[in-house]
Amino acid sequence: MCKSKHEIYVLDNFNLTCLLRKVLTTSAWNPPPGHRKIHGDLMYLYVVTLEDKHYHISACSRGFYINQSTEEEFNPKPATPSHLCHSLIELLNQISPLFKRHFAVLQKKRNQRHPFERVATPYQIYSWTAPTIDHTIDAIRAEDTFSSKLGYEEHIPGQTRDWNEELQTTRELPRKSLPERLLRERAIFKVHSDFVAAATRGAMAVIDGNVMAINPGEEAKMQMFIWNNIFFSLGFDVRDHYKELGGDAAAFVAPRNDLQGVRVYSAVDLPGLYTLGTVVIDYRGYRVTAQSIIPGILEREQEQSVVYGSIDFGKTVLSHPKYLELLNKAGQQLKILPHHVINDKSESIELCSSVECKGIIGNDGRYYILDLLRTFPPDVNFLKLDEELSKESKLLGFPIEHKHKLRCLRQELIDSFVDSRYMMFIKYAAYHLQQINLKNEEIINSTGKGKDKKEDEEKKDFETEEAKKMVESVTDGNKLEIEESTKNIIRTAAIAVGSLKDTEFEIRFNPDIYSPGIRHCDKNDPPLTKQKQLVKDAAEFLLTVQVPSFIRDCLDHSSPPMDGVTLSDVMHNRGINIRYLGKVCNLLSKVKQLEYLHSIASGEIILRAAKHIFTTYLQV
């Protein structure tokens, strides 16, 4: 049976329906009756060839053969000749010369393709652009649409999958040894792939109107849905939650920012801290967010569920010691600064995330976080602020006022910026250490003027290593053993790089620093001016360092993009958001060697602009 079905699916993959131009489907005489099963019959096929000949084929344990059945009479006996063949392809070649010729041509064309075009990806790919193709008759396609059980399992009682439990259980698998980590990663990939596939089918069903809303009395944009244990919501500002941030434009981009937050917290992979399975689907102009359901969340009001964060953008703010502990550990890797905000009762509340981040303890005892749309600091190059940006940013035409205020910097940029500042900190400390050493007569006498360049480089490396050891000794807390001059070096270097602490290197970002309606309490926090300056420095770093280095790398052909997808990936790897593609395109136009890349960038701008324009019309 498996062999027969496998070959049928192979035929379907080769699009043999186009070759036959007629019919290749299961026969209406299926399934085989009991006495024929004893004879080895597995299933029956019905074929109409290009020559307009009709055949009924038996698939049995010996292979495939033509039987004597017709549309009116069942006769499973072999025809004369029966053309008994081990392979279905071989049988079709014998009964249809046109099939034989066309199949050989198709195989030849397929073998000439690149392997990446022939081998299917292990995950689903959806594009917002799709070519218009002729709708031809296809019996297999019609049969699969209504006979396949995939996607209908949610209607069978007891058969629905608990996606949240599967997602969280796979993350809790042991990971001490390499085999355990490999098994865990495979399990996570499999569950996530299944969840994305189910969420995609559900989102399409929601937009097509095939799923009943859990609040059918509300306006269409405000409706929410549950399908196959997955919660679906639409990207509209239905309750003026995003009114001050840009309305529907902010509500449309918020799910994508939330997805980025889920991605980075999942990458941190901190034991005890859980994120929801999240999928963002764009379909027919609508943005649908699909999420796994926290156990017990539907049994209580949101106000009763949230134990950390705010549900009203900063008016009512709650904190929780366990969440502070977990988020502080994650924030050390994500460079998120613990800070205090003032709630509506004028109380100072400590947070280790943005105000919008909510903490909910599920009925399963797990600590979940959601609404991670402000995980990273805002991009001040696209915000109209009362403060001025640097001279370099102004010369490049910034700030640019955007239609919403949820523009954030990427994690890759934050990491590059912190690494750059840390190297600056080390070099600054090494320089001042050298100044102290030059005052020491013994070191002056031991370093003659006739040293060659190699010795100078070794000396520089030595001083840098000494500076690193000095930084480590200070950050370890052994400050009593450090000389006053060394403390001054650390203090001077920290001030030079904009560190939030004068006694050590501390570059972290407050995601709420420019959030409207948030009242900050910097009594126990670093000065707000320092926090704001760091965010502006990071935005300037993107313009003055990352974008030019991207152009230089393209000139060196170290990472040359070949199409729009690889261009986006390379930019994102450097922390450059796609909204800077216009600036990148202008720089590429000035470099003759990169004309090909300028064409790719221009095409990407046109396609993305068309996508935004079409979105409104697709919703009609």
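**View 1. Threonine 200 is buried, with a relative accessible area of 6%.** Here, buried means under 20% relative accessible area, exposed over 50%, and partly exposed in between, using a 1.4 Å probe and protein chains only. You're looking at a predicted model, where local features need pLDDT of at least 70, side-chain atom pairs count only at pLDDT 80 or more, and totals for chains, interfaces and linings use all residues. Residues are numbered from 1 along each chain as its sequence is written, and side-chain values use heavy atoms, with hydrogens and water left out. Threonine 200 sits in helix 9 (residues 178-207); helices (H or I, at least four residues) and strands (E, at least two) are DSSP runs, numbered from the N terminus. Its side chain reaches the backbone oxygen of valine 196 at 2.7 Å.

**View 2. Strand 9 (residues 286-292) has 7 of its 7 residues buried.** Both faces are covered, with Tyr286, Val288, Ala290 and Ser292 on one side and Arg287, Thr289 and Gln291 on the other.

**View 3. Strand 9 has antiparallel links to strand 6 and to strand 8.** Strands pair if DSSP finds at least two bridges between them. Strand 6 (residues 230-234) is joined by 5 bridges, and phenylalanine 232 stands opposite alanine 290. Strand 8 (residues 278-283) is joined by 6 bridges, with aspartate 282 partnering arginine 287. In the hairpin of strands 8 and 9, which has 2 residues between the strands, arginine 284 takes a positive phi near 55 degrees.

**View 4. Tyrosine 617 is in helix 21 (residues 595-618).** Tyrosine 617 counts as exposed because its relative accessibility is 60%.

Methods. A polar contact is a pair of N or O atoms within 3.5 Å; within protein, one must be able to donate a hydrogen and the other to accept it, and residues adjacent in sequence count only if both atoms are side-chain atoms.
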